[in-house]
Amino acid sequence: SSPLCAGCSNLIENADRPEKIEIITINPMYFCQNRCIYCGNFRGEKESLYDPLPIIQAFMEEGMISDTCLFDWGGGEPIVSDDFERIFLFLLQKGYMQRVNTNAIKISNLLKNNLDNDLVSLRISLDAGNERSFLATKGRNLFRQVLDNIKIYRNETENLLLKYVITNSNSDEQSIRDFIALAIKLDIKAICIDTDMLSYGWNDYPDLLRFTEKELQAAHLLRDLAHENGLNVQIGYVWTARDFDTPSRDFNNIGHISELIANNECYELPENLSEFHRKRISEFSNGIMPTVLASFETLYQLMQNKK
């Protein structure tokens, strides 16, 4: 194994024929302008916690990275990081595919000017179809600004995936229908339907406030409307993370960045709530509250208003 991996809790020693890495997430800092109800990755500073480039270079030198590896930029908001442009250009020059997950509050000129390169793709989590649901979900009144920036990016590339993370703050039918109308107007080719990353996660988080039958029905409506209007649909992995029997397909092993847009239904949308979520909702109805109430600013304010 690589010396860089020594001490890692996920390290498997003496693995038979270890496969080369097909996807690497670059996630070195936790700063974001939004305050999304489903995410806590905004509490940090713009400065990176570490420099990913020496690690990436070492992996390359040791032949650990596949030629078709996808580098997936996350955060926080990656484009505001001081390290983004330096590493983005390095990977571009090496011929690697990159997907940048951005909130589109700001425009990166470097990113915009390289969107004609089919090594580069965007995923933008709009999470709303109108100003009301955007503010309720993302904690910032920046809906129009983000839409304007999406238009700028879309003028440069078709490799733009518009994402909708469904929570109880944006699962109303009007927001869903408005989102589809916007996607059509912007000539978006594909959308991603996802849910709160914590809805399958740790027992201490109040995911049940954001994942009920209503949210599942909203996901089905969003998928059906997308199909009716000729939009490709990707189902995010969090829907199936608690249900290993749900059919899924790994779309990370790709050879071309446009596959991130063209692939249809990478995971199946469940027809019913999982046993895990039904259990959580039942616990909540019986007065059993999660130990962490104020996970995120928006949720904290929501709980305060209910008291």
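Q: Which residue is the bridge partner of isoleucine 124 in S5?
A: Leucine 162 is that partner. This is read from a predicted model.

Q: What makes S4 and S5 a pair of strands?
A: They share 4 bridges. Pairing needs at least two bridges, so S4 and S5 qualify. The sense is parallel.

Q: How do you know that S5 and S6 pair?
A: The count is 6 bridges, and the cut-off is at least two, so they pair. The two run parallel. One of the contacts along the sheet links isoleucine 166 to its bridge partner in S6, threonine 195.

Q: What is the order of the strands in the open sheet, and which are its edge strands?
A: The order is S1-S2-S3-S4-S5-S6-S7, with parallel pairing. Strand S1 (21–26) and strand S7 (232–235) are the edges, as each pairs on one side only. From one strand to the next, the twist averages 20°.

Q: What makes S2 and S3 partners?
A: They are joined by 4 bridges in the parallel sense. At least two are required, so the pairing stands. Leucine 70 stands opposite methionine 97 in S3.

Q: Which helix packs on the sheet, touching S1 and S2?
A: Helix H1 (residues 52–61) does. Its direction makes about 165° with that of S2.

Q: Why is the pair of phenylalanine 71 and tyrosine 96 called edge-to-face?
A: The structure holds 5 aromatic pairs, and this is one of them. The centres are 5.3 Å apart, and the planes make 75°. The limits are within 6.5 Å for a pair and over 60 degrees for edge-to-face, so both parts of the name hold.

Q: What does the pair of phenylalanine 71 and tyrosine 96 tie together?
A: Phenylalanine 71 sits in strand S2 (residues 65–73), and tyrosine 96 sits in the loop between helix H2 (84–93) and strand S3 (97–102), so the pair ties together parts 25 residues apart in sequence.

Q: How do you know whether phenylalanine 71 and tyrosine 96 are buried or exposed?
A: Buried means under 20% relative accessible area. Phenylalanine 71 has 0%, so it is buried. Tyrosine 96 has 9%, so it counts as buried too.

Q: What makes tryptophan 73 and phenylalanine 84 an edge-to-face pair?
A: Their centres lie 4.8 Å apart, with 70° between the planes. That is within 6.5 Å and over 60 degrees, so the term applies. Tryptophan 73 belongs to S2 and phenylalanine 84 to helix H2, so parts 11 residues apart in sequence are tied together. Both residues are buried. Trp73, Phe84 and Phe88 form one aromatic cluster.

Q: Where do the buried residues of H2 pack?
A: They pack against S1, H1, S2, S3, helix H3 (109–113) and strand S4 (120–125). The buried residues in H2 are Phe84, Ile87, Phe88, Phe90, Leu91 and Leu92. Leucine 126 touches residues including Phe134, Phe143, Ile150 and Leu162.

Q: Why is the phi of alanine 104 worth a remark?
A: Most residues other than glycine have a negative phi. Alanine 104 has a positive value near 60°. It lies in the loop between S3 and H3. Its relative accessible area is 0%, against a limit of under 20%, so alanine 104 is buried.

Q: Why is aspartate 187 called partly exposed?
A: Its relative accessible area is 38%. Buried is under 20% and exposed is over 50%, so aspartate 187 falls in between. It lies in the loop between helix H6 (173–185) and S6. Aspartate 187 also has a positive phi of about 60°, although it is not a glycine.

Note on methods:
Residues numbered from 1 in each chain as written. Predicted model: local features only at pLDDT ≥ 70, side-chain atom pairs only at ≥ 80, totals over all residues. Heavy atoms only, no water. Phe/Tyr/Trp six-rings, centres within 6.5 Å; stacked < 30°, edge-to-face > 60°. Buried < 20%, exposed > 50% of the residue type's maximum accessible area, 1.4 Å probe, protein only. Axes fitted to C-alpha atoms, helices over the stretch in contact; angles between N-to-C directions. Contact = heavy atoms within 4.5 Å. Lists of a residue's contacts leave out its neighbours within four places in sequence.
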